[in-house]
Amino acid sequence: MANQLGLIIDRSSPVPLYHQVVQGIEAAIHSGILEPGSRLENEIDLAAQLNLSRPTMRKAMDELVRSGLLVRKRGVGTQVVSSQVRRPLELSSLFDDLSNNGKKPTTQVLTFSHMEADAATLATLELPAGSKVYHFTRLRKVGGKPLALMENWVRDDIATMDEAMLASEGLYAILRRGGVNFRLASQRIGAMIANDYQARLLEAEVNSALVTMERTATDDAGRRVETGHHVYRADSYSFEMTLVQR
């Protein structure tokens, strides 16, 4: 594997040996020699092929794992992670963003109900007491691999929806068809570690890193239309933004 990747260690170079390994594997990943999902040989074999100590090789692999290029999976070994979904920070849906980038997302509706909103949802969506909402959770996949676990609450006086609709298209497409013109959203990005439930559905390790997003969207009539709590695999997902000095 090391020879196939063209890794060359220059012991006369001022660049630390472990970092030369990092640079070589990074280059192999970015050039496509190592494709997403590719398995690497174990650290002992790689170290032997490059005539390096095991601690040096482990330091290099740890660096690549921290940078999100490799992932260690129990019973599988070390693999190149799938290419990340990079999502711009704008008022759009994950389904639309993926579709517009040539990907084919699929959705599994895990729960769906039309119910009277609890106090927290009434306050968030600014609804009167007794109002009903659609409440559902969905698992979004790309290329058959889990990417996001999404929970949403949607006011029911704008558009009707059911499980079949949510399984075949994005939430915002359904709402736009119902006449919703989105205006703005309040959004918070954060991080957490996966619990047993999230890890099982996202096919991730318990305590692995997840990206979180909370959003409440408002339409051009000033109505708070929907609110949601989403979690994403951190090794497959990131947000991008442009910062402007004021």
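User: Is F182 buried or exposed?
Analyst: Quick heads-up: this is a predicted model, where local features need pLDDT of at least 70, side-chain atom pairs count only at pLDDT 80 or more, and totals for chains, interfaces and linings use all residues. Residues are numbered from 1 along each chain as its sequence is written, and side-chain values use heavy atoms, with hydrogens and water left out. Buried means under 20% relative accessible area, exposed over 50%, and partly exposed in between, with a 1.4 Å probe and protein chains only. F182 has 16% relative accessibility, so the label is buried.

User: How are the rings of Y172 and F182 arranged?
Analyst: Rings of Phe, Tyr and Trp (its six-membered ring) pair if their centres lie within 6.5 Å; planes under 30 degrees apart count as stacked, over 60 as edge-to-face and the rest as tilted. Here the centres sit 4.1 Å apart with the planes at 20 degrees, so the pair is stacked.

User: Which elements does that Y172 and F182 pair link?
Analyst: Helices (H or I, at least four residues) and strands (E, at least two) are DSSP runs, numbered from the N terminus. The two residues are 10 apart in the chain, and the pair links helix α7 (residues 171–177) with strand β8 (residues 182–193).

User: Which residues form one aromatic cluster?
Analyst: There are 3 aromatic pairs in the structure. One of them is a stacked pair of F112 and F136, 6.1 Å centre to centre with 20 degrees between the planes. F112 is in strand β5 and F136 in strand β6, so this contact ties together parts 24 residues apart in sequence. The cluster itself is made of F112, Y134 and F136.

User: What lies over the face of Y18?
Analyst: A charge sits over a ring if NZ of Lys or CZ of Arg is within 6 Å of the ring centre and within 35 degrees of the ring normal. For Y18, at 4.3 Å from the ring centre, that's K59.

User: How far apart in sequence are the parts that E43 and R72 tie together?
Analyst: A salt bridge is a side-chain nitrogen of Lys or Arg within 4 Å of a carboxyl oxygen of Asp or Glu, and E43 and R72 make one at 3.0 Å, N to O. E43 belongs to helix α2 and R72 to strand β2, so the parts tied together are separated by 29 residues.

User: Which residues are linked with E43 in a network of salt bridges?
Analyst: The whole structure has 8 salt bridges. E43's partners in the network are R58, D62 and R72.
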